[in-house]
Amino acid sequence: METKGDGNVEELRLVLAEALNENLNQIILSNSRDELKATKTKIRPVAIGDRLKFQETRYLGTKVFHENFSAEEMAVRVEKDLTELYRQGEISAEGLEATILVSKKGKMTVKTRRKPGLARQDMSGQVQAGNARAARNLEGDALTRLSHNRTKNYILPEGEPVDFLIRLGVQTPDGRITKNRYDKFRQINRYLEFIEDVLEELPKDRTIHLVDFGCGKSYLTFATYYFLHVKAGLDLQVTGLDLKEDVIRNCNALAKDLGYEGLSFRQGDISAYEGERADVVISLHACDLATDYALEKAVKWNAKVIMAVPCCQHELNRQMKSDVLKPALKYGIIKERMAALLTDAIRAELLTAQGYDTQILEFIDVEHTPKNLLIRAVKRGSMRPAGTEKSRREMEEFLHVQPTLEKLLTP
């Protein structure tokens with residue numbers, strides 16, 4: 001069943017009252033009128049202690065801000081955003097889908113679609129009816145589900161069989177997550193969230209070319225193909241590259257068995273790769289300088305999106321020296337960690353100098369892997385003025401380092 005509002009915010013308030021509870025999947029606000037305030041906002045339910053809250057993730061250029069609110073507070077914020085800042089909103093909840101469009105003159109149109117036969121669970125309505133205890137019980141049940149079963153917040157939901165996850169041993173045929181593979185399941189979904197954030201940056205009128213350098217067993221390569229092609233419906237050509245012949249053979253066989261016609265794998269070294277220009281370049285756990293060669297390829301191809309999770313940053317560890325930092329650098333583990341962080345910071349700055357909006361984000365919890373930083377870069381414009389590089393060069397001189405990526409990008 002579909003309904004359409006008449007331009008009044010009253011319909012939006014009714015939809016928010018119905019959606020802002022434990023049944024919410026997510027709210028996305030986009031098409032900003034003022035990108036100096038925010039470019040996009042995402043909202044999802046979270047369990048904070050013994051309370052049900054709604055986490056707002058607000059994007060401003062390369063910065064991301066998180067804040068938690070009650071249902072009532074969030075309803076006010078969403079209404080304010082859609083009347084003052086954004087021109088589009090998408091609400092997804094169990095049994096409810098809604099699209100909100102705001103014209104240049106401020107007229108609001110609300111379209112809703114409900115699945116028949118699903119009961120409406122509106123906690124605020126129950127309180128207004130005098131049944132406060134039932135509302136508290138409902139919220140308690142919601143917190144339990146949010147704490148122990150986060151399936152509806154995953155891009156690939158738990159309980160929904162996905163062919164490649166089954167073949168890779170992450171899921172059982174009925175969609176349950178294999179007991180010792182839950183961390184991998186969370187990693188895949190977290191990674192797809194990063195992909196989803198840049199979905200609107202990708203071309204829609206032609207084939208998208210994506211290269212995954214150092215693809216390994218290709219859990220995330222298959223996930224990328226499945227999400228962009230099967231779920232998002234994009235015309236996609238994906239190439240995975242790795243040095244190991246047996247890994248490439250097995251991945252090609254699996255892609256063929258699954259019927260993933262746009263997905264193929266090649267054996268080779270990143271620095272010598274001469275394939276077709278890519279729109280998206282991915283490099284996940286490519287060791288040491290392999291990440292630099294992957295980033296160089298991406299920049300020279302003018303790739304629209306770059307996503308890299310660096311690994312084993314040894315180069316600066318070998319070069320770095322400073323009399324000022326000598327008391328810290330004499331400890332091997334401290335020097336190693338400082339070198340890894342500084343390596344990735346310099347890489348991000350070099351990408352920024354090439355016209356990319358660059359972020360360094362936490363990939364997954366440190367408890368699951370120490371290699372948990374992701375560099376995400378989206379091409380926005382031309383190269384930045386040379387003057388913006390001064391502070392980076394001063395830092396390199398202070399540490400007596402010459403990063404490979406800088407030499408590759410500035411012959």
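**Close-up views of a predicted model**

**View 1. Strand 2 meets strand 6.** Strand 2 (residues 24-32) runs antiparallel to strand 6 (residues 86-93), and seven bridges join the pair. To find your place in this predicted model, start at L29, whose bridge partner in strand 6 is G89. As you follow either strand, remember that in a regular strand the side chains alternate between the two faces of the sheet.

**View 2. Strand 6 turns into a hairpin with strand 7.** Strand 6 also pairs with strand 7 (residues 96-102), again in the antiparallel sense, over six bridges. Here A93 stands opposite L96 of strand 7. Two residues lie between the strands of this hairpin, where G95 takes a positive phi near 85°.

View 3. An α-helix has 3.6 residues a turn, so residues three or four places apart point the same way.

**View 4. The largest nonpolar core.** This core has 50 residues, and F164, Y191, F222 and Y260 touch the most other members. Helix 7 (residues 219-231) gives the largest share of the core, eight residues. In soluble globular proteins, nonpolar side chains tend to be buried together. For a closer look, pick F222: leaving aside residues up to four places away in sequence, F222 touches F164, L168, C251, L254, A255, L258, Y260, L263 and F265.

**View 5. A second core.** A separate core holds 31 residues. Among them are Y273, A278, I375 and A377.

**View 6. Where to read with care.** The protein chain has a mean pLDDT of 84, and 84% of its residues reach 70 or more. Over residues 1-6, however, pLDDT stays under 50, and the model has 16 contacts beyond four places in sequence for this stretch. Residues 117-138 also stay under 50, with 26 such contacts in the model. Where pLDDT is low, the predicted coordinates should not be read in detail.

Terms used:
Residues numbered from 1 in each chain as written. Predicted model: local features only at pLDDT ≥ 70, side-chain atom pairs only at ≥ 80, totals over all residues. Heavy atoms only, no water. Core = buried A, V, L, I, M, F, W, Y, C linked by side-chain atoms within 4.5 Å. Buried < 20%, exposed > 50% of the residue type's maximum accessible area, 1.4 Å probe, protein only. Helix = DSSP H or I, 4+ residues; strand = E, 2+ residues; numbered from the N terminus. Contact = heavy atoms within 4.5 Å. Pairing = 2+ DSSP bridges. pLDDT = per-residue confidence, 0-100.
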